[in-house]
Amino acid sequence: MQPWSRTQMAGRVAVDIPEGWYCNLGIGMPTLIADYIPQGREVVLHSENGILGMGPAPEKGSEDAWLINAGKQPVTLHPGGSYFHHADSFAMIRGGHIDLCVLGAFEVASNGDIANWATSENDSAPAVGGAMDLAAGAKRVWVMMEHTTKDGRPKLVERCSYPLTAMRAVTRVYTNLAVLDVTEAGFAVRDLAPEVTMEHLRSVTAAPLADAREAVA
Amino acid sequence: MIDKIVRDMAAAMEGVRDGSTVLIGGFGAAGQPDDLIDGLIEQGAKDLTVVANNAGSGRTGLARLMELGRVRKIICSFPRSAGSVVFEDLYKAGKLELEIVPQGTLAERMRAAGAGVPAFFTPTAAGTKLAQGKETREFNGRPHVMELALPGDVALVEAWEADRWGNLTYRRSGRNFNPVMAMAATLTIVQAQNIVELGEIEGERVVTPGIFVNRVVNVRRGAPWA
């Protein structure tokens, strides 16, 4: 069994993003996707602190303290990029103008519910940031995450146990083991990492899985 | 002659009252009006409700204002971040009230206040614990949460250029919450890196029109990391 590495997962997501899409890549693992968008394909990256056309991290030594992304890391601006204030930035998100948002998650349920902001009902001061706006507002929400927690518990479940970020928001999940669509009937497996079997995937998933892989030629 | 440029920080902060709701711009260090926060510390107003995206970091600026016991409540989207030690200590000790608001709802609540919209419905947070206790209504087959406008008594804003009418520009991602906060407050106080002649910011370049601005103080502090 050869699970995908984080960079392989990022590459796997990146090839599925068509030219012309406006995308918001969540803090953490999804940020890696930016480095794997195929050369020559124009995908416009949005950062919720008011940037469209965000470029890669600058060379060391040429960081600009005025130009940071939502994770507060220095970034650059592509030609054609723009700046705007927070209400406009979230109008892009909440108004359904962002084609795709890729988020990390603690749990995704088979009906598309996502939990990614608080790990317990008792965590009284969790940090939500823009997660609820993105999950509820983007045209499509994909999740990129490990298939299980560090101690091996499934993160794909029938019903989220952590506090929800949004209901029925997620349409696709990329893990280190598989690519899955969220359908009306639940999770449908589109692709498996090398040498991962459906049987193994079922053993680390707490929800039914349909096998929707295209027949191997 | 209209001249919103004040001579010093004391004049900028004059009349800020105890119990005020203070909107503080910035996202990370970019566009954060640190000198105005220091001015507010000096000025002495207390029992404040602060609205900001983050709950301060380190022991300066907003964190210092909180550590001095001057903040009763903070309304923000992301209280815990690297170095938010003062927030965590005060919050654990029960000395600080906290209201968590999704970042886009936070911006929109202030935009609504500035635009005279008392409340609005949004799908953000529907079905989550941040919607508990709020009116929910269905539109287009989808649940929406009613959110109230969030006006400020005072806004503290950092701008790049300002003229004597209070027209403003911002620098790159330093814009963030500053323009919506400027329009949402009764008294908008600006620290501007550059004061320019009226007309130097051409109409097309004005980001915040002076109508939203009351006072401007010149603070040439350089880059946010400097």
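Two strands are said to pair if DSSP finds at least two bridges between them. Strands here are DSSP runs of E with at least two residues and helices are runs of H or I with at least four residues, both numbered from the N terminus. The structure described is a predicted model, in which local features need pLDDT of at least 70 and side-chain atom pairs count only at pLDDT 80 or more, while totals for chains, interfaces and linings use all residues. Residues are numbered from 1 along each chain as its sequence is written, with chains lettered from A and ligands numbered from 1 in the order in which they are written.

Strand 1 (residues 22-25) pairs with strand 2 (residues 44-47) of chain A in the parallel sense, over 3 bridges. Within this pair, Tyr22(A) faces Val44(A) of strand 2. Strand 1 of chain A also pairs with strand 5 (residues 100-103) of chain A, again in the parallel sense and over 3 bridges.

Strand 6 (residues 107-109) and strand 7 of chain A run antiparallel, joined over 2 bridges. Here Val108(A) lies opposite Ile114(A) of strand 7.

Chain B has an open sheet of its own to explore. This sheet is formed by 3 strands in the order 5-7-6, with antiparallel pairing. Strand 5 (119-122) and strand 6 (136-139) of chain B are the edge strands, each pairing on one side only. From one strand to the next, the twist averages 40°. Strand 5 and strand 7 (residues 142-148) of chain B pair in the antiparallel sense over 4 bridges, and Phe120(B) has Glu147(B) of strand 7 as its bridge partner. Helix 5 of chain B lies across strand 5 and strand 7 of chain B and runs at about 150° to strand 5. Such angles run from 0 to 180 degrees between N-to-C directions, and axes are lines fitted to C-alpha atoms, for helices over the stretch in contact.

The next topic is the meeting of the two chains. The contact takes 31 residues from chain A and 40 residues from chain B, where two residues are in contact if their C-beta atoms, placed from the backbone, lie within 7 Å. On the side of chain B that touches chain A, the elements giving two or more residues are strand 4 (97-100), helix 5 and helix 6 (178-184) of chain B. Helix 5 of chain B gives the most to this side, with 6 residues. By class, the side of chain B that touches chain A has 20 nonpolar, 13 polar and 7 charged residues. In this scheme, Ala, Val, Leu, Ile, Met, Phe, Trp, Tyr, Cys and Pro count as nonpolar, Asp, Glu, Lys and Arg as charged, and the others, Gly among them, as polar.

Helix 5 of chain B also packs with a helix of the partner chain. Its axis and that of helix 2 (residues 86-94) of chain A come within 9 Å and cross at roughly 125°, helix 5 of chain B spanning residues 103-115. Helix 2 of chain A and helix 5 of chain B are therefore oblique to each other (angles under 35 degrees count as roughly parallel, over 145 as roughly antiparallel, 65 to 115 as roughly perpendicular and the rest as oblique). From helix 2 of chain A, His86(A), Ala87(A), Phe90(A), Ile93(A) and Arg94(A) meet Gln103(B), Gly104(B), Ala107(B), Glu108(B) and Arg111(B) of helix 5 of chain B. The residues of this helix contact divide into 4 nonpolar, 3 polar and 3 charged.

His86(A) counts as buried because 28 C-beta neighbours lie inside 10 Å (buried means 20 or more other C-beta atoms within 10 Å, exposed 12 or fewer, and partly exposed in between, with C-beta atoms placed from the backbone). Leaving aside residues up to four places away in sequence, His86(A) touches Gly50(A), Ala107(B), Asn176(B), Phe177(B) and Val180(B). His86(A) and Glu48(A) are 38 residues apart in sequence and 7.1 Å apart in space, C-alpha to C-alpha.
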